Amino acid sequence: MKLELRPLGACQVADLTRLEQASFTSDLLSPRSFRRFIHSATADGHGAFIEGRLVGYSLMLMRRNSARARIYSLAVDSSQRGKGVGRRLLEALTPLALEHGKTSLQLEVATTNTAAVVLYESLGFRRVASRPGFYEDGGDAWVYRKDLSRTAAGRR
């Protein structure tokens, strides 16, 4: 089965919402939020598809006067976890961030999400801070950041 990445705007809001609800128990993005992000000039990302079915998505937000892009959300269907979908989605965000003139990527991750932490660290993200009580359910988060300046220098 071949994994295909498409721009986030090519995704159906209903499919994104279903994946969101199946992946998270709190801090859920609403259909309205997905619609807003899909049409925003300061948001970008991808949907991951296998045989036409959405199995993952990434959402990155970018402030106009900031060199840092924020990976706001990443979800992978439970049937596809551990198969490289999340890795492909994250790797595809680097060129998007660079196209938007960003020099670093940042994200928050639940301190209990060991699989995600291992993935982020394997892709060059480094823990830079903690955020106690960050999530709606009171869960703590770690802040991770990846410097893209070396990546950008290699593209020149």
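Helix α1 and helix α2 (residues 31–38) pack at an angle of about 125°, their axes lying 9 Å apart. Here axes are lines fitted to C-alpha atoms, for helices over the stretch in contact, and angles between N-to-C directions run from 0 to 180 degrees. The arrangement makes α1 oblique to α2, where angles under 35 degrees count as roughly parallel, over 145 as roughly antiparallel, 65 to 115 as roughly perpendicular and the rest as oblique. The model is predicted, with local features requiring pLDDT of at least 70 and side-chain atom pairs counting only at pLDDT 80 or more, whereas totals for chains, interfaces and linings use all residues. Residues are numbered from 1 along each chain as its sequence is written, and side-chain values use heavy atoms, with hydrogens and water left out. Helices (H or I, at least four residues) and strands (E, at least two) are DSSP runs numbered from the N terminus.

α1 passes α2 in a right-handed crossing; a crossing is right-handed if the near helix is turned clockwise from the far one by less than a right angle, and left-handed if anticlockwise. On the α1 side, Val13, Leu16, Thr17 and Glu20 meet Pro31, Phe34, Arg35 and Ile38 of α2, contact being defined as heavy atoms within 4.5 Å. The residues of this contact comprise 5 nonpolar, 1 polar and 2 charged. In this classification Ala, Val, Leu, Ile, Met, Phe, Trp, Tyr, Cys and Pro are nonpolar, Asp, Glu, Lys and Arg are charged, and the others, Gly among them, are polar.

Another helix pair is formed by α3 (residues 85–99) and α4 (residues 114–122), whose axes come within 11 Å and cross at roughly 45°. This makes α3 oblique to α4, and the crossing of α3 past α4 is right-handed. Gly86, Arg87 and Leu90 of α3 meet Leu119, Tyr120 and Ser122 of α4. By class, the contact of α3 with α4 has 3 nonpolar, 2 polar and 1 charged residues.

The structure holds 5 salt bridges, each being a side-chain nitrogen of Lys or Arg within 4 Å of a carboxyl oxygen of Asp or Glu. One of them joins Asp15 to Arg18, with the closest N and O atoms 2.3 Å apart. Because Asp15 and Arg18 are 3 residues apart in helix α1 (residues 13–23), they are separated by about one helical turn. Asp15 is partly exposed, at a relative accessible area of 27%; buried denotes under 20%, exposed over 50%, and partly exposed the range in between (1.4 Å probe, protein chains only).

Arg70, Glu108 and Arg131 are linked in a network of salt bridges. The side chains of Glu108 and Arg70 meet at 2.9 Å, N to O. Glu108 lies in strand β5 (residues 104–110) and Arg70 in strand β4 (residues 68–76), so this pair ties together parts that are 38 residues apart in sequence. The side chains of Arg131 and Glu108 meet at 2.7 Å, N to O. Since Arg131 belongs to strand β6 (residues 126–131) and Glu108 to strand β5, the pair ties together parts 23 residues apart in sequence. Glu108 is buried, with a relative accessible area of 13%, whereas Arg70 is partly exposed at 29% and Arg131 is partly exposed at 32%.

Asp77 is found in the loop between β4 and α3 and is buried, with a relative accessible area of 17%. Not counting residues up to four places away in sequence, Asp77 touches Leu19, Arg53 and Val55.
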